[in-house]
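Here are my notes on this one, in the order I'd go through them with the model open. Have a look at the structure and then see whether you read it as I do.

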Amino acid sequence: MLKPETIALMPKVELHCHLDGSLSLTCIKQLANNIGKDLNMSDEEILKHAQVPETTQSLLEYLERFDFVLPLLQSYVNLELAAYDVARQAAEDNVKYMEIRFAPGQHLEKNLSLEEAVEAVIAGAARAEEDFDIVVNILLCGLRQVPVERLKKLLPLFDEIDDEHLVGFDLAGDEVNYPQVKFKKLLEKVTSRGVQVTLHAGECPGCAQNIIDSVEMGATRIGHGIMTKDIPEYQEILTKLGIVLEMAPSSNFQTKAIRELSEYPFMALYKRGIHVTINTDNRTVSNTNLQKEYEKIANWYDFQISDFERINHYAIDGAFISEDEKELLHQRFSEEYAKIEKG
Ligand SMILES: O=c1[nH]cnc2c1ncn2[C@@H]1O[C@H](CO)[C@@H](O)[C@H]1O
Ligand SMILES: [Zn+2]
């Protein structure tokens with residue numbers, strides 16, 4: 001079994017990480033302080049509000065935890081700090097390339113415009129790139145439970161914001177009540193602009209259809225995709241198309257997508273040749289980091305260095321970057337993993 005120290009040395013790619021679900025305790029306190037809000041809580045109490053309890057029974061209950069931090073993320077300064085904070089934590093996990101996602105529409109309660117919210121997050125990402133050995137890109141989430149007419153307002157941002165950090169689109173939120181088909185037209189508009197798409201799909205019991213619908217609607221990556229576990233035809237399609245599954249072990253158990261380790265399809269899908277990847281989803285809400293997620297996979301499946309290397313190459317292939325950037329990352333990762341193998 002791999003030692004935690006070995007896992008720590010591995011360079012990593014993280015494709016699936018939510019801004020609002022991943023703020024460090026220090027950052028949460030700083031954000032509150034910045035807006036003159038006295039949280040009036042011990043550190044322990046803050047974490048109790050921000051993290052999911054073990055008793056969480058569903059995806060919708062999991063999503064309730066975001067209500068605690070969102071009021072703190074309503075200014076340019078705080079969104080910039082938040083993005084920087086998440087990238088800093090990822091750099092500590094030895095992440096070399098990451099994509100941070102957030103839903104701009106959730107940050108307009110004070111005076112921010114959609115553009116300003118996105119610009120703030122991009123600015124935090126860019127500052128982190130200067131301070132750490134990491135490249136950070138940004139994805140915009142539309143929340144499924146928001147009326148499609150409002151989600152459409154996100155689309156012009158991809159033209160208006162002329163910045164290379166803005167690289168893709170996602171649908172997040174309530175997958176239980178809002179299936180993918182509802183967003184067919186919206187997604188046509190997104191893909192026709194040349195924007196790359198990854199979609200949360202197959203994260204709740206009975207939601208498998210969303211996985212295949214996502215692929216048909218142009219997603220090259222799927223957030224979680226757990227419910228493909230019982231459907232060999234879907235697995236065949238994912239394998240054939242090289243679709244990347246962004247899995248997040250802790251989150252997948254907390255949302256009750258999975259209840260028993262024996263049901264968790266990570267290893268079976270990996271063995272079938274599906275391009276699985278490991279992600280945190282939400283560092284704070286899920287009380288995790290990428291090191292812990294890798295340790296889980298190493299412990300459960302006796303995953304080896306070469307296996308972790310392989311899934312990181314899958315992640316690079318799925319990343320929303322240019323072919324040249326992918327090639328550089330592939331080379332760098334091959335060299336660094338070879339060194340780790342040698343010990
Ligand atoms: O695992 C997930 N499934 C679906 N939606 C999620 C998940 N984690 C976070 N969000 C949603 O995405 C929003 C933007 O970051 C969060 O506010 C949360 O509502
Ligand atoms: Zn997610």
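1. Start with Gly173: one of its backbone N or O atoms lies 2.9 Å from a nitrogen atom of ligand 1. This is a predicted model, so please read every distance here as computed from predicted coordinates. An N or O atom in the His18 side chain is 2.8 Å from an oxygen atom of ligand 1, and a polar side-chain atom of Asp281 is 2.8 Å from an oxygen atom of ligand 1.

2. How much of ligand 1 does the protein bury? On its own the ligand exposes 420 Å², and 98% of that is buried by the protein. There are 16 residues around ligand 1, and the closest are His18, Asp20, Gly173, Glu203 and Asp281.

3. Next, the metal. Which residues coordinate the zinc ion (ligand 2)? The donors are His16 (NE2), His18 (NE2), His200 (NE2) and Asp281 (OD), at 2.1 to 2.2 Å. Note that His18 and Asp281 turn up again here: both are zinc donors and both are among the residues closest to ligand 1.

4. Along the chain, the zinc donors follow the spacing H-x1-H-x181-H-x80-D.

5. Most residues other than glycine have a negative phi. Asp281 is found in the loop between strand E8 (275-278) and helix H14 (290-301), and it counts as buried because its relative accessibility is 2%.

6. Asn94 is another non-glycine residue with a positive phi, about 65°. Where does Asn94 lie? It is in the loop between helix H5 (76-92) and strand E2 (95-102). Its relative accessible area is 16%, so Asn94 is still buried, the cut-off being under 20%.

7. On to the helices. Ile212 is found in helix H10 (residues 209-216) and counts as buried, at 8% relative accessibility. Setting aside residues up to four places away in sequence, Ile212 touches Tyr234 and Ile237. The C-alpha atoms of Ile212 and Leu238 are separated by 8.6 Å, with the two residues 26 apart along the chain.

8. Last, Gln235, which lies in helix H11 (residues 232-241). With a relative accessible area of 8%, Gln235 is buried. What is it in contact with, leaving aside neighbours within four places in sequence? Gln235 contacts Thr228, Lys229, Asp230, Leu269, Arg272 and Ile274.

Conventions: Residues are numbered from 1 along each chain as its sequence is written. Chains are lettered from A and ligands numbered from 1 in the order in which they are written. This is a predicted model: local features need pLDDT of at least 70, side-chain atom pairs count only at pLDDT 80 or more; totals for chains, interfaces and linings use all residues. Side-chain values use heavy atoms; hydrogens and water are left out. Donors are N, O and S atoms within 2.8 Å of the metal (3.2 Å for Na, K and Ca); water is not among the atoms, so sites may look incomplete. Helices (H or I, at least four residues) and strands (E, at least two) are DSSP runs, numbered from the N terminus. Buried means under 20% relative accessible area, exposed over 50%, partly exposed in between (1.4 Å probe, protein chains only). Contact means heavy atoms within 4.5 Å. A residue is near a molecule or strand if one of its heavy atoms lies within 4 Å of it. A polar contact is a pair of N or O atoms within 3.5 Å; within protein, one must be able to donate a hydrogen and the other to accept it, and residues adjacent in sequence count only if both atoms are side-chain atoms. Accessible areas come from the Shrake-Rupley method with a 1.4 Å probe; for residues, only the protein chains shown count as cover.
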